[in-house]
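Thanks, everyone. Let me put the model up, and then we'll walk through it.

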Amino acid sequence: MIVNSAEEKEKIILPPSAIFISFKSNSHMSENWVRAAAIGDIEDEDLPQVKIDDLLIAIYNLGGTYYATSDICTHEHACLSDGSVIGGVIECPLHQGCFDIATGKAKGAPVTVDLQNYQTRIDGDNIFILR
Ligand code: FES
């Protein structure tokens, strides 16, 4: 089918399978899952620092769901793994800046720049992060 006008293009609706195939193809090409820790190493409310290559990453266990962010605060140089987890938020130990653990979003002054967060997945007894 040849589509010539913008009006005709707007009428085309892709079947869901076409969208799904495109998504899988893109994600497969860029995936780089790296083992970060064993599940048994991280108790509920533990907040370990994991070093992967040159990255310092904080791993969070929120009731059995695992999250990962950069361990370095975006305000100044402080390790968030030394901070406190309060209801899905990590509070920096240096100036008490707060970030949403699931999204890395800065929650207000003194932090204004979001944290890098990393997608996690569980495979067997291990936690992997997507770099
Ligand atoms: S270093 Fe984290 S809030 Fe200042």
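Confidence comes before anything else. The score is pLDDT, the predictor's confidence in each residue, from 0 to 100. Over residues 1-6 the pLDDT is below 50, and beyond near neighbours in sequence this stretch has three contacts in the model. Contact here means C-beta atoms, placed from the backbone, within 7 Å. Residues 8-29 also stay under 50, with four contacts beyond four places in sequence. Where pLDDT is low, the predicted coordinates should not be read in detail. For the protein, the mean is 81, and 77% of residues reach 70 or more.

Two ground rules. Numbering starts from 1 along each chain, as its sequence is written. This is a predicted model, so local features need pLDDT of at least 70 and side-chain atom pairs count only at pLDDT 80 or more, while totals for chains, interfaces and linings use all residues.

Now the layout. The protein has two helices and ten strands. Both terms are DSSP runs, numbered from the N terminus: helices are H or I with at least four residues, strands are E with at least two. From the N terminus, the order is α-α-β-β-β-β-β-β-β-β-β-β.

Next, the sheets. Strands pair if DSSP finds at least two bridges between them. Strand 4, residues 65-70, meets strand 8 over two antiparallel bridges. There, Ala68 faces Tyr118 of strand 8.

Another open sheet has three strands, in the order 1-10-9, again with antiparallel pairing. Strand 1 and strand 9 (120-123) are the edges, each with a single partner strand, so one side of each has no neighbour in the sheet. The twist averages 35 degrees from one strand to the next. That angle uses lines fitted to C-alpha atoms, for helices over the stretch in contact, and runs from 0 to 180 degrees between N-to-C directions. Strand 1 and strand 10 (residues 126-130) run antiparallel, joined by five bridges. Ala38 sits opposite Asn126 of strand 10.

What about the inside? Of the 131 residues, 23% are buried. Buried means 20 or more other C-beta atoms within 10 Å of a residue's own, exposed means 12 or fewer, and partly exposed lies in between; C-beta atoms are placed from the backbone. The largest nonpolar core has 23 residues. Such a core is a set of buried Ala, Val, Leu, Ile, Met, Phe, Trp, Tyr and Cys residues joined through C-beta atoms within 7 Å. Among those with the most contacts inside it are Ile59, Ala68 and Ile129. Strand 1, strand 3 (55-62), strand 4 and strand 10 each give two or more residues to this core. Strand 3 supplies the largest share, four residues.

Let's stop at one residue. Why does Ala37 count as buried? Because Ala37 has 21 C-beta neighbours inside 10 Å. Ala37 lies in strand 1, residues 33-38. Beyond four places in sequence, Ala37 contacts Ile42, Pro48, Val50, Ile59 and Ile127. Its C-alpha is 7.6 Å from that of Val50, 13 residues away along the chain. Ile59 has contacts including Ala36, Ala37, Tyr66 and Ala68.

Terms used. Two residues are in contact if their C-beta atoms, placed from the backbone, lie within 7 Å.
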